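Me: I'd like to go through the labels on this model and see what backs each of them up. Can you walk me through it?

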Amino acid sequence: MRYQPPITLGMVGGGNDAFIGAVHRIAARLDAQYTLVAGALSSTPDKARASGAALGLDPARIYDDFNAMAAAEAAREDGIDAVAIVTPNHMHYPAAKAFLEQGIHVICDKPMTSTLEDAQALLEVAERANALFVLTHNYTGYPMIRQARDMVARGELGDLRVIQVEYPQDWLTEAIENTGQKQAGWRTDPARSGAGGAIGDIGTHAFNLAGFVTGLEVEKLSADLHSFVPGRQLDDNAHIMLRYAGGARGMLWCSQVAPGNENALKLRIYGSKGGLEWAQEDPNYLWHTPFGTPKRLLTRNGSGAQDSATRVSRIPGGHPEGYLEGFANIYTEAASAIRAFKANEPLPQDIAFPTVRDGIAGMKFISACVASSKQDSAWISL
């Protein structure tokens with residue numbers, strides 16, 4: 001295989017003590033496809049400088065704000081090829097817009113924006129930009145999720161009838177946002193998170209995953225959103241009924257006040273010929289039940305693994321792969337797309353990362369959930 005130099009990467013957000021920024025940096029370097037060379041790592045200039053220095057960045061490429069970074073990097077002969085945006089939700093749109101308009105590829109954390117209006121505006125920017133937009137719904141990068149998607153597409157489950165997806169956590173069971181906890185602070189603040197609390201933070205992951213695997217689109221939903229913690233401004237629990245195009249029915253539950261749950265994302269799909277079950281906390285296993293036969297366990301890189309799964313696996317079966325590798329698969333497929341884009345070649349057909357249109361779908365989901373819940377769980381069309 002011909003050597004290809006790493007893609008030069010910048011980052012907006014992700015300074016010292018930021019959780020998701022560190023995850024993105026690990027994912028970007030796992031397959032040696034990127035080199036981080038620039039950053040506007042905090043809205044506080046002193047912290048931005050200290051964070052960049054801690055990462056070994058050239059002081060000349062540590063920026064106080066993302067607009068200055070986008071302009072300066074676009075003007076450099078050795079300017080960045082792509083930027084990772086890992087800020088709180090309300091800054092996704094202005095940052096992505098700034099870099100897309102400079103022709104710099106964007107890899108953005110989810111949800112795509114904090115409002116549907118910003119998402120629609122970003123879609124227009126992305127469609128006229130000379131650059132790609134990649135959304136990091138990282139669970140779509142898990143090998144056994146790729147296999148489940150292929151099995152559904154090949155008709156191994158028959159006509160899909162029932163889709164159940166859930167994502168419970170317990171970390172917001174108490175009002176830790178009032179203690180200065182940074183991650184809780186912005187996720188429970190409508191000004192920074194947007195209209196969705198649990199539905200925006202983890203419900204969008206569940207919604208996206210169900211759509212990615214089944215290929216189905218939700219036509220209508222009925223949502224019951226609730227904040228159990230007194231004084232909390234955004235939902236911390238949601239129960240949502242889904243009606244899919246083609247007649248399938250679904251249920252989605254997300255909660256951040258379910259003691260005993262950490263990141264318990266689960267997906268169950270049932271059709272006329274069989275069912276699939278997958279759990280994120282045990283991601284190397286996929287249960288397949290052809291109707292009328294015992295359950296059978298498919299394992300990552302095991303005897304039943306298919307090309308769609310093995311292509312995005314790195315190590316032999318029995319050695320766990322999961323969260324970081326799923327993120328890395330999104331980054332590596334984005335790298336393939338960026339290189340094809342730069343060479344004016346068609347994007348590789350085997351890549352499957354979420355795009356700006358997946359981001360629009362996620363924001364429509366949040367908006368519909370909020371509208372439905374305000375109307376006593378009325379059915380709302382997407």
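This is a predicted model: local features need pLDDT of at least 70, side-chain atom pairs count only at pLDDT 80 or more; totals for chains, interfaces and linings use all residues.

Me: Why is D350 called partly exposed?

Reply: Buried means under 20% and exposed means over 50%. D350 has 43% relative accessibility, so it falls in between and gets the partly exposed label.

Me: What makes R311 and D350 a salt bridge?

Reply: The cut-off is a side-chain nitrogen of Lys or Arg within 4 Å of a carboxyl oxygen of Asp or Glu. For R311 and D350 the N to O distance is 3.9 Å, so the pair passes. R311 is partly exposed as well, with a relative accessible area of 39%.

Me: What does the pair of R311 and D350 tie together?

Reply: R311 sits in the loop between α10 (307-310) and α11, and D350 in the loop between α11 and α12, so the pair ties together parts that are 39 residues apart in sequence.

Me: How do you know that R76 and D78 form a salt bridge?

Reply: Their closest N and O atoms are 2.8 Å apart, and the limit is 4 Å, so the label holds. R76 has a relative accessible area of 30% and D78 has 41%. Both values lie between 20% and 50%, so each residue is partly exposed.

Me: Which residues are linked in a network with R76 and D78?

Reply: R61 and E73 join R76 and D78 in a network of salt bridges. The structure holds 21 salt bridges.

Me: What makes K97 and E101 qualify as a salt bridge?

Reply: The closest N and O atoms of K97 and E101 are 3.1 Å apart, which is within 4 Å, so they count. K97, at 27% relative accessible area, is partly exposed, and E101 is too, at 47%.

Me: Switching to the sheet: in what order do the strands run, and which are the edge strands?

Reply: The order is β2-β1-β3-β4-β5, 5 strands in an open sheet with parallel pairing. The edge strands are β2 (34-40) and β5 (133-136), as each pairs on one side only. From one strand to the next, the twist averages 25°.

Me: How do you know that β4 and β5 pair?

Reply: Pairing needs at least two bridges. β4 (residues 105-109) and β5 have 4 bridges in the parallel sense, so they pair.

Me: On to the pockets. What is the volume of the largest pocket, and which residues lie nearest its centre?

Reply: The largest pocket holds about 1000 Å³ of space. Its lining has 49 residues, with I20, V86, Q183, W186 and R187 nearest the centre. The elements that give two or more residues to that lining are α1 (19-30), α7 (182-187), α9 (198-214) and α11 (323-342). The largest share, 5 residues, comes from α7. By type, the lining divides into 17 nonpolar, 21 polar and 11 charged residues.

Me: And what lines the second largest pocket?

Reply: That pocket, of about 670 Å³, is lined by 25 residues, and L216, E217, R357, D358 and A361 lie nearest its centre. Two or more residues each come from α5 (116-128), α9 and α12 (356-374). α12 gives the most, with 6 residues. The lining splits into 12 nonpolar, 8 polar and 5 charged residues.

Key: Residues are numbered from 1 along each chain as its sequence is written. Side-chain values use heavy atoms; hydrogens and water are left out. On a 1 Å grid over the protein atoms alone, a cavity is a set of points where a 1.4 Å probe fits but cannot get out, and a pocket is an open set with protein on both sides within 12 Å along at least five of seven lines; lining residues have an atom within 4 Å of a point. Grid points are joined across faces, edges and corners, and a volume is the space filled by probe spheres set on the points. Ala, Val, Leu, Ile, Met, Phe, Trp, Tyr, Cys and Pro count as nonpolar, Asp, Glu, Lys and Arg as charged, and the others, Gly among them, as polar. Buried means under 20% relative accessible area, exposed over 50%, partly exposed in between (1.4 Å probe, protein chains only). Axes are lines fitted to C-alpha atoms, for helices over the stretch in contact, and angles run from 0 to 180 degrees between N-to-C directions.
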